[in-house]
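Here is a short report on a structure. Look at the chain first, then read on.

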Amino acid sequence: MANESKPPLIWLNIVLFLSTFIVAIVLVPLYGYFYGYSTAHFVWLVISFTYCGMSITAGYHRLWSHKAYEASKSLKYIYALGGAFALQNSALHWSSDHRVHHKHVDNNDKDPYSAKRGFWYSHIGWMLREYQSERYSDYRNCRDLQKDKVVTWQHKHYLPLALTMNFGVPILLGFLHGDIIGMLLIVGVLRLVLSHHTTFFINSLAHLWGSQPYTNKNTAKDNGLLAFLTFGEGYHNYHHIFENDYRNGIYWWQFDPTKWFIKAASFFKLTSKLKKAPSSKIELAKAKQTLQNTQHSLASCSGTQQALTELENEFLRLTRSVTEFYETKKHFLQISQKGMSESYERSLVAIRLAQAKCELVQQRKQWQALIQLTLTKYSVQKS
Ligand SMILES: [Zn+2]
Ligand SMILES: [Zn+2]
C-alpha cells in the first residue's frame, strides 16, 4: 500500500483550500448571476488582492525572509496584518520555511516545497500532509526575527488576526456598500483563492517554467508572465542567486511593483538600507551562464577545441573589463563623496573610468559576437 508510507493528512488545510476553491468557482459566479456585483466589489477585490500580495512579497519575503531592506514599525504592522489577511501562516513560520527552501533548494528531503517533487507537491501538496513535521516549530534559522516585536506579536496572535482580517474586512465593506454576502464572496473568498494560488505559483511554476539567465545550479526560472501575476516575484532565477537584493526584476522594463513600492517608500523614510547585488557580480553571473550554455551546445559537436579555448579566453577578457570598470567606478564615487570634486586625482580617475567604460562596451560587443558566431557555426555543423 503506497499510502501507508505517506505522512498523515492535514485536514484543516485540505478543507480550507478545497472549500474556498469550490466557493470561488461555483458560488461566486452564481451569486453574480442572480444578484450581480457592483464596481465597488471589483475595486475592493483589486485593492485587497494587492494588499495581501504585497504584504507577502515586500513583507514576508523580501523584508523578513531575506532582510533585503529595513522597514519602519508602522509599515511592518501593515505587512503583518496583510500577511494574516493572506492566510499564509505567520511571518515567522513563512520565513523559516523560505530560508530552508533557499538553503536546500531542490533537495527533496529538506526543501519544504522542492520543485523536484513535481508541480502539485511544490504548489500545494506540501501543505496537505505533515511532511517535515519534526521541524514545524523549529525557528532556529529565524533568531533575528524572534527579536522583531512585530513578528512575535503577529505570530502570537496569528489566529485572531487572520480571522479578524478575513471576516472583518469583507463584512465591514459589505456594511458600507450594502451587500455583506457579495463582499464576503468577492473580497473574502475569491481574493483569498487568487492570493493563495498566485503566491503558490512562485514555489511551483517559477521553478518549472521560464529561462535561466543567471544560473542553472537550481530549478529557479525567470518568467515575465509570472512576475505580472506575483507582483514581480517571477524573476526567480535572479532571486535565487542574489537573494538579498531588494529587487527581483533588475531592469527598468521588468515588471516588479514590489521593488517600485520598496523604493518609493524609501522616499518617505518608511524603508531604508535597500540592498542591491553588485552590478559586476550580476553581469559576470550572466556571462558565466552564457558560457556554460554555449559549451553545452558544443558538447555534441566535433572539432570544437579551438572554439572552446577562444570562448574561455574571451570570457576572461570580459571578466577583466567588468572588474576594471566597476572598481574604477567605485573609486571615482569614493573620491567624489570625499568632496574632492576639483582635485587632480579625481580628474585622472575620471579619465580612467571613461576609458574603462569604452573598453567594457567594446568587450561586451565582442563577447556577444563570439557567442553568436560560435553557435551559428556549430549549429550548421549539427544540421
Ligand atoms: Zn524558490
Ligand atoms: Zn526568496
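Helices here are DSSP runs of H or I with at least four residues, strands are runs of E with at least two, and both are numbered from the N terminus. The model is predicted.

**Two positive phi values**

Lysine 67 sits in the loop between helix 2 (39–65) and strand 1 (70–71). Its phi is positive, near 50°, and lysine 67 is not a glycine. Phenylalanine 231 lies in the loop between helix 9 (224–229) and helix 10 (236–241). Phenylalanine 231 also has a positive phi, about 55°, without being a glycine.

Are these residues buried, partly exposed or exposed? The cut-off for buried is 20 or more other C-beta atoms within 10 Å, and for exposed 12 or fewer. Lysine 67 has 16 such neighbours, so it counts as partly exposed. Phenylalanine 231 has 26, so it is buried.

| Residue | Phi | C-beta atoms within 10 Å | Class |
|---|---|---|---|
| Lysine 67 | near 50° | 16 | partly exposed |
| Phenylalanine 231 | about 55° | 26 | buried |

**Helix 4**

Helix 4 covers residues 91–103. Its 13 residues should span 18 Å at 1.5 Å a residue, and the end C-alpha atoms are 18 Å apart, so the two values agree. Buried residues in helix 4 include Trp94, Asp97, His98 and His101. What do the buried residues of helix 4 pack against? They pack against helix 2, helix 3 (73–86) and helix 6 (149–156).

**The annotated span**

An unreviewed UniProt entry annotates residues 42–263 as "domain: Fatty acid desaturase". This span is 57% helix and 1% strand. The end C-alpha atoms of residues 42–263 lie 28 Å apart.

Key
Residues are numbered from 1 along each chain as its sequence is written. Chains are lettered from A and ligands numbered from 1 in the order in which they are written. This is a predicted model: local features need pLDDT of at least 70, side-chain atom pairs count only at pLDDT 80 or more; totals for chains, interfaces and linings use all residues. UniProt positions are given in the numbering used here, feature names are shortened, and annotations may be inferred rather than shown by experiment. The expected span of a helix is 1.5 Å times one less than its number of residues. Two residues are in contact if their C-beta atoms, placed from the backbone, lie within 7 Å.
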